[in-house]
Amino acid sequence: MSRIIKSSFYSAVEDKRVIEAVVFPSSDPDPLEDADMTLEEDETARLHQERLRQAEEEAQSILEEARQQARKMMEEAQSEMDAWWEARRQEDEIVRGQASEEGFISGVEQGREQGRQEALEEYSHALAEARSILAEAPAWKRRKIGEAEPFVLELTLEIARKVIKEQFECDQEHLLTLIRRALSHTQEYKTITVAVNPDSYTYVQENRARLVDVLDSQVELTVVPDESAVDGGCIVRTSLGNIDARVDTQLAEIKKALLEIQAGESE
(Lines give C-alpha, C1' and ligand atoms only; values in the text may rest on other atoms or scores of the structure.)
Protein backbone atom coordinates (compact mmCIF):
# COMPACT_ATOMS: atom_id res chain seq x y z
CA MET A 1 0.00 0.00 0.00
CA SER A 2 1.17 3.44 -0.94
CA ARG A 3 2.25 5.83 1.91
CA ILE A 4 0.58 8.73 0.10
CA ILE A 5 -2.99 9.01 0.74
CA LYS A 6 -5.02 11.20 -1.24
CA SER A 7 -6.86 14.09 0.35
CA SER A 8 -10.21 12.90 -0.74
CA PHE A 9 -9.59 9.91 1.23
CA TYR A 10 -8.11 11.85 4.24
CA SER A 11 -9.82 12.13 7.57
CA ALA A 12 -8.84 13.42 10.97
CA VAL A 13 -7.69 11.12 13.77
CA GLU A 14 -10.50 12.30 15.98
CA ASP A 15 -12.95 11.08 13.52
CA LYS A 16 -11.46 7.69 13.36
CA ARG A 17 -13.29 4.82 14.96
CA VAL A 18 -11.38 1.82 16.11
CA ILE A 19 -13.08 -1.27 15.22
CA GLU A 20 -11.68 -4.21 17.11
CA ALA A 21 -12.13 -7.50 15.69
CA VAL A 22 -14.11 -9.94 17.77
CA VAL A 23 -12.59 -13.31 17.94
CA PHE A 24 -15.04 -16.04 18.73
CA PRO A 25 -13.77 -19.21 20.36
CA SER A 26 -13.63 -22.11 18.38
CA SER A 27 -16.38 -24.53 19.13
CA ASP A 28 -14.10 -27.44 19.02
CA PRO A 29 -12.67 -28.71 22.43
CA ASP A 30 -9.02 -28.74 23.06
CA PRO A 31 -7.94 -32.13 24.66
CA LEU A 32 -4.90 -30.70 26.34
CA GLU A 33 -6.84 -27.85 27.75
CA ASP A 34 -9.44 -30.25 29.20
CA ALA A 35 -6.78 -32.37 30.84
CA ASP A 36 -5.31 -29.35 32.52
CA MET A 37 -8.65 -28.31 33.78
CA THR A 38 -9.34 -31.74 35.25
CA LEU A 39 -6.06 -31.77 37.10
CA GLU A 40 -6.73 -28.34 38.38
CA GLU A 41 -10.20 -29.31 39.59
CA ASP A 42 -8.89 -32.42 41.32
CA GLU A 43 -6.23 -30.41 43.06
CA THR A 44 -8.79 -27.91 44.12
CA ALA A 45 -11.04 -30.64 45.50
CA ARG A 46 -8.14 -32.23 47.32
CA LEU A 47 -7.19 -28.94 48.82
CA HIS A 48 -10.77 -28.38 49.78
CA GLN A 49 -10.99 -31.75 51.48
CA GLU A 50 -7.70 -31.13 53.26
CA ARG A 51 -8.96 -27.81 54.54
CA LEU A 52 -12.16 -29.45 55.69
CA ARG A 53 -10.23 -32.13 57.55
CA GLN A 54 -7.96 -29.58 59.16
CA ALA A 55 -10.98 -27.49 60.09
CA GLU A 56 -12.69 -30.47 61.61
CA GLU A 57 -9.56 -31.44 63.55
CA GLU A 58 -9.14 -27.89 64.73
CA ALA A 59 -12.81 -27.71 65.70
CA GLN A 60 -12.54 -31.04 67.52
CA SER A 61 -9.46 -29.79 69.36
CA ILE A 62 -11.17 -26.58 70.29
CA LEU A 63 -14.24 -28.51 71.43
CA GLU A 64 -12.14 -30.88 73.55
CA GLU A 65 -10.26 -28.00 75.08
CA ALA A 66 -13.54 -26.26 75.78
CA ARG A 67 -14.85 -29.42 77.43
CA GLN A 68 -11.75 -29.70 79.58
CA GLN A 69 -12.00 -26.07 80.58
CA ALA A 70 -15.69 -26.49 81.33
CA ARG A 71 -14.95 -29.63 83.41
CA LYS A 72 -12.19 -27.80 85.25
CA MET A 73 -14.45 -24.84 85.89
CA MET A 74 -17.17 -27.14 87.16
CA GLU A 75 -14.70 -28.90 89.47
CA GLU A 76 -13.40 -25.58 90.73
CA ALA A 77 -16.95 -24.32 91.19
CA GLN A 78 -17.89 -27.53 93.04
CA SER A 79 -14.79 -27.21 95.22
CA GLU A 80 -15.59 -23.59 95.99
CA MET A 81 -19.19 -24.53 96.74
CA ASP A 82 -18.08 -27.34 99.05
CA ALA A 83 -15.68 -24.98 100.79
CA TRP A 84 -18.45 -22.39 101.14
CA TRP A 85 -20.87 -24.95 102.62
CA GLU A 86 -18.16 -26.23 104.98
CA ALA A 87 -17.47 -22.66 106.13
CA ARG A 88 -21.21 -22.05 106.63
CA ARG A 89 -21.54 -25.33 108.54
CA GLN A 90 -18.66 -24.42 110.82
CA GLU A 91 -20.10 -20.95 111.36
CA ASP A 92 -23.50 -22.47 112.12
CA GLU A 93 -21.92 -24.85 114.63
CA ILE A 94 -20.10 -21.97 116.26
CA VAL A 95 -23.30 -19.92 116.37
CA ARG A 96 -25.30 -22.87 117.76
CA GLY A 97 -22.57 -23.52 120.28
CA GLN A 98 -22.54 -19.92 121.37
CA ALA A 99 -26.34 -19.83 121.49
CA SER A 100 -26.41 -23.05 123.48
CA GLU A 101 -23.76 -21.78 125.85
CA GLU A 102 -25.53 -18.45 126.19
CA GLY A 103 -28.81 -20.27 126.72
CA PHE A 104 -27.19 -22.54 129.31
CA ILE A 105 -25.60 -19.61 131.09
CA SER A 106 -28.88 -17.70 130.90
CA GLY A 107 -30.73 -20.73 132.24
CA VAL A 108 -28.25 -21.13 135.07
CA GLU A 109 -28.56 -17.47 135.98
CA GLN A 110 -32.35 -17.68 135.87
CA GLY A 111 -32.24 -20.80 138.00
CA ARG A 112 -29.96 -19.10 140.50
CA GLU A 113 -32.17 -16.05 140.65
CA GLN A 114 -35.29 -18.18 141.04
CA GLY A 115 -33.59 -20.26 143.73
CA ARG A 116 -32.43 -17.12 145.52
CA GLN A 117 -35.95 -15.68 145.43
CA GLU A 118 -37.45 -18.94 146.71
CA ALA A 119 -34.82 -19.19 149.44
CA LEU A 120 -35.48 -15.58 150.40
CA GLU A 121 -39.21 -16.19 150.56
CA GLU A 122 -38.69 -19.33 152.64
CA TYR A 123 -36.30 -17.48 154.92
CA SER A 124 -38.76 -14.61 155.32
CA HIS A 125 -41.57 -17.06 156.04
CA ALA A 126 -39.42 -18.97 158.56
CA LEU A 127 -38.33 -15.71 160.17
CA ALA A 128 -41.95 -14.59 160.52
CA GLU A 129 -42.86 -17.94 162.07
CA ALA A 130 -39.90 -17.69 164.44
CA ARG A 131 -40.96 -14.21 165.51
CA SER A 132 -44.51 -15.42 166.04
CA ILE A 133 -43.25 -18.37 168.10
CA LEU A 134 -41.02 -16.11 170.17
CA ALA A 135 -43.93 -13.75 170.77
CA GLU A 136 -46.12 -16.64 171.89
CA ALA A 137 -43.35 -18.46 173.75
CA PRO A 138 -43.93 -16.95 177.22
CA ALA A 139 -47.64 -17.73 177.16
CA TRP A 140 -46.95 -21.13 175.67
CA LYS A 141 -44.34 -21.78 178.35
CA ARG A 142 -46.74 -20.79 181.12
CA ARG A 143 -49.47 -22.90 179.60
CA LYS A 144 -47.26 -25.96 179.22
CA ILE A 145 -45.82 -25.55 182.70
CA GLY A 146 -49.32 -25.18 184.04
CA GLU A 147 -50.35 -28.34 182.21
CA ALA A 148 -47.26 -30.20 183.36
CA GLU A 149 -47.11 -28.98 186.94
CA PRO A 150 -49.77 -31.32 188.35
CA PHE A 151 -48.11 -34.27 186.72
CA VAL A 152 -44.65 -33.13 187.84
CA LEU A 153 -45.96 -32.57 191.35
CA GLU A 154 -47.54 -36.00 191.50
CA LEU A 155 -44.38 -37.55 190.14
CA THR A 156 -42.23 -35.67 192.63
CA LEU A 157 -44.40 -36.70 195.56
CA GLU A 158 -44.44 -40.29 194.43
CA ILE A 159 -40.67 -40.30 194.19
CA ALA A 160 -40.42 -38.66 197.60
CA ARG A 161 -42.78 -41.24 199.06
CA LYS A 162 -40.67 -44.10 197.71
CA VAL A 163 -37.43 -42.53 198.92
CA ILE A 164 -38.79 -41.92 202.41
CA LYS A 165 -40.23 -45.44 202.61
CA GLU A 166 -36.89 -46.93 201.61
CA GLN A 167 -35.11 -44.78 204.17
CA PHE A 168 -37.51 -45.89 206.91
CA GLU A 169 -37.08 -49.51 205.88
CA CYS A 170 -33.31 -49.26 205.82
CA ASP A 171 -32.90 -47.23 209.00
CA GLN A 172 -35.72 -47.01 211.56
CA GLU A 173 -33.79 -44.27 213.32
CA HIS A 174 -35.58 -41.92 210.94
CA LEU A 175 -38.89 -43.03 212.45
CA LEU A 176 -37.66 -42.16 215.92
CA THR A 177 -36.56 -38.75 214.67
CA LEU A 178 -39.99 -38.22 213.13
CA ILE A 179 -41.82 -39.20 216.30
CA ARG A 180 -39.58 -36.97 218.50
CA ARG A 181 -40.26 -34.04 216.18
CA ALA A 182 -44.04 -34.63 216.35
CA LEU A 183 -43.96 -34.94 220.14
CA SER A 184 -42.04 -31.70 220.42
CA HIS A 185 -45.04 -29.86 218.93
CA THR A 186 -47.57 -31.19 221.42
CA GLN A 187 -48.94 -29.22 224.38
CA GLU A 188 -50.19 -32.27 226.19
CA TYR A 189 -49.32 -32.69 229.86
CA LYS A 190 -51.07 -35.92 230.67
CA THR A 191 -51.29 -38.82 228.21
CA ILE A 192 -49.92 -39.19 224.70
CA THR A 193 -50.39 -42.20 222.48
CA VAL A 194 -48.06 -42.83 219.56
CA ALA A 195 -49.48 -45.16 216.89
CA VAL A 196 -46.91 -46.74 214.59
CA ASN A 197 -46.93 -49.45 211.98
CA PRO A 198 -46.97 -52.92 213.52
CA ASP A 199 -43.66 -53.71 211.79
CA SER A 200 -42.02 -50.81 213.62
CA TYR A 201 -43.78 -51.22 216.92
CA THR A 202 -41.12 -53.36 218.62
CA TYR A 203 -38.30 -51.05 217.59
CA VAL A 204 -40.16 -47.94 218.77
CA GLN A 205 -41.17 -49.59 222.00
CA GLU A 206 -37.59 -50.60 222.67
CA ASN A 207 -36.52 -46.97 222.17
CA ARG A 208 -39.42 -45.43 224.05
CA ALA A 209 -37.06 -43.84 226.59
CA ARG A 210 -35.50 -41.73 223.83
CA LEU A 211 -38.98 -40.40 222.97
CA VAL A 212 -39.83 -39.44 226.50
CA ASP A 213 -36.86 -37.11 226.65
CA VAL A 214 -38.69 -34.51 224.56
CA LEU A 215 -41.80 -34.58 226.81
CA ASP A 216 -42.65 -33.24 230.18
CA SER A 217 -41.82 -35.71 232.94
CA GLN A 218 -45.49 -35.80 233.98
CA VAL A 219 -46.72 -36.99 230.59
CA GLU A 220 -47.44 -40.66 230.14
CA LEU A 221 -46.34 -41.96 226.71
CA THR A 222 -47.88 -45.04 225.21
CA VAL A 223 -46.79 -46.72 221.95
CA VAL A 224 -49.39 -48.79 220.10
CA PRO A 225 -49.37 -50.63 216.75
CA ASP A 226 -51.70 -49.18 214.12
CA GLU A 227 -52.35 -50.60 210.65
CA SER A 228 -53.19 -47.14 209.35
CA ALA A 229 -49.55 -46.11 209.77
CA VAL A 230 -48.45 -48.14 206.80
CA ASP A 231 -45.77 -45.89 205.40
CA GLY A 232 -43.40 -45.69 208.34
CA GLY A 233 -44.91 -42.59 209.84
CA CYS A 234 -46.86 -42.24 213.04
CA ILE A 235 -49.96 -40.69 214.56
CA VAL A 236 -49.62 -38.78 217.82
CA ARG A 237 -52.86 -38.71 219.72
CA THR A 238 -53.44 -36.27 222.63
CA SER A 239 -56.39 -34.90 224.53
CA LEU A 240 -56.01 -31.70 222.55
CA GLY A 241 -55.98 -33.40 219.21
CA ASN A 242 -53.97 -35.60 216.88
CA ILE A 243 -50.79 -34.99 214.99
CA ASP A 244 -50.76 -37.03 211.82
CA ALA A 245 -47.11 -37.63 211.05
CA ARG A 246 -47.67 -40.30 208.47
CA VAL A 247 -45.66 -39.80 205.34
CA ASP A 248 -48.67 -39.82 203.04
CA THR A 249 -50.41 -37.22 205.17
CA GLN A 250 -47.37 -34.99 205.16
CA LEU A 251 -46.90 -35.37 201.43
CA ALA A 252 -50.57 -34.56 200.90
CA GLU A 253 -50.15 -31.39 202.91
CA ILE A 254 -47.06 -30.49 200.88
CA LYS A 255 -49.01 -31.09 197.66
CA LYS A 256 -51.89 -28.94 198.84
CA ALA A 257 -49.54 -26.12 199.73
CA LEU A 258 -47.80 -26.31 196.37
CA LEU A 259 -51.09 -26.30 194.45
CA GLU A 260 -52.18 -23.23 196.38
CA ILE A 261 -48.90 -21.52 195.45
CA GLN A 262 -49.38 -22.53 191.82
CA ALA A 263 -52.93 -21.22 191.75
CA GLY A 264 -51.72 -17.93 193.18
CA GLU A 265 -49.04 -17.60 190.48
CA SER A 266 -51.53 -18.39 187.73
CA GLU A 267 -53.75 -15.56 188.89
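**A tour from helix α1**

Select Glu33: this residue sits in helix α1. Helices here are DSSP runs of H or I with at least four residues, strands are E runs of at least two, and both are numbered from the N terminus. The model is predicted, so local features need pLDDT of at least 70 and side-chain atom pairs pLDDT 80 or more, while totals for chains, interfaces and linings use all residues. Residues are numbered from 1 along each chain as its sequence is written, and side-chain values use heavy atoms, without hydrogens and water.

Color Glu33 by accessibility. Its relative accessibility is 46%, so Glu33 counts as partly exposed (buried is under 20% relative accessible area, exposed over 50%, partly exposed in between; 1.4 Å probe, protein chains only).

With Glu33, they gather in a surface patch of negative charge. Patch members have over 30% relative accessible area and no salt bridge; like charges are joined within 9 Å, nonpolar side chains (Val, Leu, Ile, Met, Phe, Trp, Tyr) within 5 Å. A salt bridge puts a side-chain nitrogen of Lys or Arg within 4 Å of a carboxyl oxygen of Asp or Glu.

Go to Val152, also in helix α1, which spans residues 31–170. Val152 is partly exposed at 43% relative accessible area. Select Phe151, Leu155, Ile159 and Val163 with Val152: together they make a nonpolar surface patch of about 450 Å².

Zoom out. The protein chain has five helices and four strands, in the order α-α-β-α-α-β-β-β-α. Of its 267 residues, 14% are buried.

How values were computed: Accessible areas come from the Shrake-Rupley method with a 1.4 Å probe; for residues, only the protein chains shown count as cover. Lys and Arg count as positive and Asp and Glu as negative; His and the chain ends are not counted. The place of a charge is taken as NZ of Lys, CZ of Arg, CG of Asp or CD of Glu.
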